[in-house]
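User: Could you walk me through reading salt bridges and a chain interface? I'd like the general idea, then the case at hand.

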Number of protein chains: 2
Amino acid sequence: MKRIVFMAAFLAAAINAGSQNAEPVDDFKPSPVNQPGHAYPMVDSQGRVKAQLFAPDAKYVQLDIGGVKYDMVKDEEGYWTGVSNPQDVGFHYYQLVVDGAMVPDPGSLFFFGACRYGSGIEIPAPDSDIFALKNVPHGQTHEIYFNSPSTGEERRAYVYTPAEYSKNPDKRYPVLYLQHGYCENETSWPLQGRVNFIMDNLIAEGKAVPFIVVMTYGMTNDVQMGGLRNFDIKPFQTVLVDELIPYIDSNFRTLANRENRAMAGLSMGGFETRLVTLARPDVFSRYGLFSGGTYSPDDLKDHKDVKLVFMGCGSKEFPDGVNNAATALNEAGFNAVSYVSEGTAHEFHTWRRCLYEMAQLLFK
Amino acid sequence: MKRIVFMAAFLAAAINAGSQNAEPVDDFKPSPVNQPGHAYPMVDSQGRVKAQLFAPDAKYVQLDIGGVKYDMVKDEEGYWTGVSNPQDVGFHYYQLVVDGAMVPDPGSLFFFGACRYGSGIEIPAPDSDIFALKNVPHGQTHEIYFNSPSTGEERRAYVYTPAEYSKNPDKRYPVLYLQHGYCENETSWPLQGRVNFIMDNLIAEGKAVPFIVVMTYGMTNDVQMGGLRNFDIKPFQTVLVDELIPYIDSNFRTLANRENRAMAGLSMGGFETRLVTLARPDVFSRYGLFSGGTYSPDDLKDHKDVKLVFMGCGSKEFPDGVNNAATALNEAGFNAVSYVSEGTAHEFHTWRRCLYEMAQLLFK
């Protein structure tokens with residue numbers, strides 16, 4: 001079985017960041033995803049978050065991150081400051097609480113997750129370099145709108161095209177359809193997922209072949225908690241397969257066939273990927289589930305010519321699940337790969353790493 | 001003199017919306033730019049804004065819009081609700097104040113203005129249709145990054161290409177370089193300016209010829225208040241003329257010459273447009289100032305072959321200024337057009353209308 005284990009150059013630092021008993025050191029720096037000119041929120045080398053808000057007349061202010069509300073303390077001028085316990089490396093959604101009002105932190109940029117546009121913070125990871133903005137040839141992220149007769153709407157999608165796309169007017173490219181999770185939307189992969197920078201860097205280093213990535217809303221967010229077993233994939237499958245794919249194939253220079261089409265998704269987007277790929281083996285040849293379940297050999301008994309099955313998750317999730325599933329698929333003759341993101345849970349840094357790993361295996 | 005006067009179908013409604021003495025009627029509806037699933041903030045037919053926030057332990061909550069803070073009132077469950085006076089039609093930045101903390105309203109989408117990403121609200125205008133998302137062929141808004149040796153950075157820009165761009169691989173297009181104002185950035189025209197929908201609709205109706213629009217950060221926001229007279233255009237002019245334009249011309253199918261290149265900007269972006277076009281008559285042939293000053297015949301004495309000078313503003317700004325400037329230019333033999341946006345001030349709806357009007361005159 002091929003198993004990719006993430007070997008960070010600074011693994012010790014990552015492990016240290018996950019420990020709540022480490023001696024605090026005062027090396028807080030502004031989060032990389034702050035609003036222009038804002039010093040707060042800050043993060044330190046142990047992954048702690050320090051937030052600050054001017055609220056001179058408030059009774060209490062809290063930092064709400066990772067499921068914990070941390071009380072902040074007021075100074076003489078009316079600024080409230082608070083520090084969280086260490087967080088996992090990578091990207092987290094959070095908010096502030098001002099006398100019971102749950103509001104975005106005006107110091108951070110805003111991202112769609114937890115079913116809202118709200119604050120996000122970036123805890124530097126040993127491998128933050130994989131999604132850094134560098135002086136390399138840059139692809140483009142296209143915002144597009146396509147007509148959807150099945151929903152009666154003009155729907156939005158984002159399309160990454162590699163840097164060379166605009167230089168090679170006669171070349172056609174394979175396509176990855178990439179889905180977000182529950183309570184996220186079509187902006188989540190382009191923004192907090194940093195798809196364009198991950199792809200730019202991989203392609204510049206020769207680690208991935210140039211391909212197109214398409215991201216649209218998976219119609220996930222009306223599902224009630226616990227209602228996944230009743231989820232009907234058909235409406236989204238129709239939008240994706242019957243409406244979006246033909247639009248992409250007629251408006252971008254794609255290799256418009258099964259061999260050159262992949263689908264992957266994170267969390268509920270993995271659940272959707274599994275349902276769509278199993279229902280439509282004629283459309284996709286490479287499948288990816290990021291913290292989004294597994295395939296069994298029985299699932300794929302009619303998919304003998306699937307080219308790649310990629311299953312990943314965080315080490316704080318269910319690594320045995322993806323590893324055992326890949327072993328079983330390998331033994332049944334499939335090209336299956338599992339990947340475990342060290343030190344991360346069910347959050348976006350796990351999925352950035354999954355994309356980083358899967359992209360290197362695609363369309364080769 | 002050619003003078004375009006905006007004649008709204010429902011001018012009476014717009015005038016009514018501007019009156020603070022109108023009898024209130026209870027017809028509040030969710031703002032069109034709310035977060036998914038959020039009922040608040042709401043707007044009514046008189047242009048009033050009703051905000052609501054759950055803040056059970058707050059001492060006071062205020063709605064801060066149009067330079068006025070409106071006290072909100074708490075109900076038994078802890079929800080605070082408040083209503084503003086009527087606002088002008090179109091788009092406005094606003095915020096909430098919770099016990100002195102100035103925070104974004106979690107009910108609204110977020111936009112970059114007032115030097116921050118924060119809340120925005122849309123007061124329906126009689127001509128909202130000009131920027132509506134319709135079932136017409138849609139262009140694409142490309143997010144691009146270009147290398148800038150003069151600033152040592154990878155810089156971002158947004159590029160609108162018309163719907164037919166992807167269908168006509170051998171056709172080349174003229175380009176409008178379009179600048180935002182002070183305390184805005186490269187996202188302001190694509191988001192609150194709704195450039196893509198304005199252009200899609202104009203082109204679909206045959207009112208504008210298809211052209212490309214490029215929007216990047218004008219390096220405006222480090223200027224101190226009152227420091228405009230000391231503003232040095234050179235750093236931005238270098239980025240625009242020596243770095244961005246060559247990048248656009250080599251990565252998009254442009255008509256890469258002066259005849260097919262226009263520059264326009266709003267407010268401080270108009271100020272920049274004036275400086276750049278006067279300094280580099282070899283680069284642009286059509287100039288647009290939206291609430292951003294005027295040109296005199298003397299300014300243009302060395303620009304005899306300028307093809308179009310467009311100067312617009314809101315009726316609540318300095319309409320005589322743009323009208324008189326156009327008259328003087330026309331008398332001096334220039335093709336100058338002035339435009340006054342009825343019922344609006346120094347805000348984005350004025351500039352959407354300026355783009356809508358100028359786009360119909362460009363490259364014909």
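User: Let's start with A:Arg286 and A:Glu259: what joins their side chains?

Analyst: Look for a Lys or Arg nitrogen within 4 Å of an Asp or Glu carboxyl oxygen. In this predicted model, those two side chains form a salt bridge, at 2.6 Å from N to O. A:Arg286 sits in strand E18 (286–290), while A:Glu259 is in the loop between helix H3 (234–251) and strand E17 (261–266), so the bridge ties together parts 27 residues apart in sequence.

User: Is A:Arg286 buried or exposed? And how does A:Glu259 count?

Analyst: The cut-off for buried is under 20% relative accessible area. A:Arg286 has 4%, so it counts as buried, whereas A:Glu259, at 33%, is partly exposed.

User: Which residue does B:Glu259 bridge to in chain B, with closest N and O atoms 2.7 Å apart?

Analyst: That one is B:Arg286. Here too the pair ties together parts 27 residues apart, because B:Glu259 is in the loop between H3 and E17 and B:Arg286 is in E18. B:Glu259 also makes a salt bridge with B:Lys307, at 3.3 Å from N to O. B:Lys307 is in the loop between E18 and strand E19 (308–314), 48 residues from B:Glu259. With 34% relative accessibility, B:Lys307 counts as partly exposed.

User: How many salt bridges are there over all chains?

Analyst: The count is 34. Some link up into a network: A:Asp129, A:Lys134, A:Glu205 and A:Lys207 are joined that way.

User: Now the interface. How is its size given?

Analyst: Often as the accessible area lost when the parts come together. Between chain B and chain A that is about 3700 Å², with carbon and sulfur atoms giving 54%. On the chain B side, B:Asp57, B:Tyr145 and B:Glu154 lose the most area, together 15% of what that side buries.

User: How many salt bridges cross between chain B and chain A?

Analyst: Zero by this rule.

User: Which element gives the largest share of the side of chain B that touches chain A?

Analyst: E13(B), with seven residues. That side divides into 24 nonpolar, 13 polar and eight charged residues.

User: How does E13(B) run relative to strand E13 (140–148) of chain A?

Analyst: Antiparallel, with three bridges joining the two strands. To get your bearings, find A:His142, which stands opposite B:His142 in E13(B).

Conventions
Residues numbered from 1 in each chain as written. Chains lettered and ligands numbered in written order. Predicted model: local features only at pLDDT ≥ 70, side-chain atom pairs only at ≥ 80, totals over all residues. Heavy atoms only, no water. Helix = DSSP H or I, 4+ residues; strand = E, 2+ residues; numbered from the N terminus. Buried < 20%, exposed > 50% of the residue type's maximum accessible area, 1.4 Å probe, protein only. Buried area = accessible area lost by both parts, 1.4 Å probe. Nonpolar A, V, L, I, M, F, W, Y, C, P; charged D, E, K, R; others polar. Pairing = 2+ DSSP bridges.
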